[in-house]
Amino acid sequence: MFTMFLTFIKIGLFSFGGGYAILAMIQQEVVARHGWLTAAEFADIVAISQMTPGPIAINAATFVGFQRYGVLGSILCTFGVILPSLILMAIITVSYIKLSSQAWFKDIFKNLRLLSLGLIGAAMIMIGKDAFPDFFSVVIFLLAFLILWRWKVNPIYLLLGTAAVGMVLG
Amino acid sequence: MLWQIFITFLKVGAFTIGGGYAMLPLIRREVCEKHKWMDEMAFMDGLAAAQSSPGPIAINLSIYVGYHLRKGKGMAAAVLGTVLPSLISIIIIASLFSRYADSTLARKAFRALKPAVVALIALPLIEMAKKIGIKLNNFWVPLVALILVGILGISPAHLILLTILVTIWLSDRNSRKV
């Protein structure tokens, strides 16, 4: 169980770019390297992680841990995957508060903000890749965009509404 | 205050499907508009920092917001709030409905949710671009990043490192000119 904890720390430490990058890394470690799960089992976990609330990486880590060692395993894997974040992000936040008046530091963030925009766009492309298999999904996209933009609806209601529409009409 | 931080992130974690990027507009709405805990610029800096650090984006952003508000305790409250809905729902699903992903109803809902999640990410992208001040001379930066990472599959880590190094080099050169 300790090996698994260490593996998830490694996953948390070396994966940049959020959920989908982390999923790829979990697959490499958990399926290819350690053989804790088969490829088919992992594919199920990926599907469920996307269909369940919360960050995909956390969902997947919880699931893998649960399958091997129950509730304790799921807590351990989740903690492992966020431990590097807790340390690194705390350091970044503290230095941001301390250094944000420095000109060079401001310049870095000015450029990182631009990069950040591109990375969000990239995430949108990755999620959007298989989101539009038919006309129905295009209509949903346009309606969702219009509702969010025109009436500034709380996204929670939009997601709940969309899920209901999908169940009835999908 | 700590309780409010916890509940806010719990709510966002419990009601967003589609992962960290889909959670961003909700976190922004709660943090900047509803509670007015920080301004848009500080939030966008936090987002840029969250993407520059390894690990889940939503967790990184929770740490940033939580720490800003109440240091270590705020950080713990925000992270716990983000993680708990995942832990609970996955444990329930894994132990009770092992065939959840096969259930037609969940599949149908998910098929409709996917394009909605794309819209959820697309809209703040436009609003953020306006706030950052995208102009003709700098819109190539996000565009190139989008192509390199989103289409060619290059790791964002390289781009982040490159951006930081080039910025330091440029500002060092500028300060020597003066």
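Start where the chains meet: helix H6 of chain A, residues 135–151, packs against helix H5 of chain B, residues 104–132, at an angle of about 40 degrees, and their axes are 8 Å apart. A helix here is a DSSP run of H or I of at least four residues, a strand is a run of E of at least two, and both are numbered from the N terminus. The axes are lines fitted to C-alpha atoms, for helices over the stretch in contact, and the angles run from 0 to 180 degrees between N-to-C directions.

Before I go on, two remarks on the source. This is a predicted model, where local features need pLDDT of at least 70 and side-chain atom pairs count only at pLDDT 80 or more, while totals for chains, interfaces and linings use all residues. Residues are numbered from 1 along each chain as its sequence is written, and chains are lettered from A and ligands numbered from 1 in the order in which they are written.

Back to the pair. What do we call the arrangement of H6(A) and H5(B)? The two are oblique to each other. The cut-offs are these: under 35 degrees is roughly parallel, over 145 roughly antiparallel, 65 to 115 roughly perpendicular, and the rest oblique. The crossing of H6(A) past H5(B) is right-handed, meaning that the near helix is turned clockwise from the far one by less than a right angle, with anticlockwise giving left-handed.

On the H6(A) side, the residues that meet H5(B) include Phe141(A), Phe145(A) and Trp149(A). On the H5(B) side, they include Pro115(B), Val118(B) and Leu123(B). Contact means that the C-beta atoms of two residues, placed from the backbone, lie within 7 Å. The residues of this contact between H6(A) and H5(B) divide into 14 nonpolar, 1 polar and 1 charged. For these classes, Ala, Val, Leu, Ile, Met, Phe, Trp, Tyr, Cys and Pro count as nonpolar, Asp, Glu, Lys and Arg as charged, and the others, Gly among them, as polar.

Now the whole contact between the chains. How many residues does each chain give? Chain A gives 81 and chain B gives 87. In chain A, the elements with two or more residues on that side include helix H1 (2–14), helix H4 (56–99) and helix H7 (155–169). H5(A) gives the most, with 23 residues. The side of chain A that touches chain B has 54 nonpolar, 24 polar and 3 charged residues.

One residue to look at is Thr78(A), in helix H4 of chain A. Is it buried or exposed? Thr78(A) counts as buried, because 30 C-beta neighbours lie inside 10 Å. The rule is that 20 or more other C-beta atoms within 10 Å of a residue's own make it buried, 12 or fewer make it exposed, and anything in between is partly exposed, with C-beta atoms placed from the backbone. Leaving aside neighbours within four places in sequence, Thr78(A) is in contact with residues of both chains, including Ile58(A), Gly65(A), Val83(B) and Leu87(B).

Next, a helix pair within chain A. The axes of H2(A) and H3(A) come within 11 Å and cross at roughly 150 degrees. That makes the two roughly antiparallel. Their crossing is right-handed. Leu23(A), Gln27(A), Val30(A) and Val31(A) of H2(A) make the contact with Ala39(A), Phe42(A) and Val46(A) of H3(A).

Last, chain B. The chain has 7 helices and 0 strands. Its C-alpha trace spans about 65 × 40 × 25 Å along the principal axes. Of its 178 residues, 49% are buried. The domain assignment gives domain 1 (2–133) and domain 2 (135–178), with bounds that come from an automatic or database assignment. The centres of these two domains in chain B, taken over C-alpha atoms, are 26 Å apart.

Two lysines in chain B have a backbone angle to note. Lys36(B) has a positive phi of about 50 degrees although it is not a glycine. Lys36(B) lies in the loop between helix H2 (20–34) and helix H3 (40–52), and counts as exposed, with 8 C-beta neighbours inside 10 Å. Lys71(B) also has a positive phi of about 50 degrees, but is found in helix H4 of chain B, residues 57–96. With 14 other C-beta atoms within 10 Å, Lys71(B) is partly exposed.
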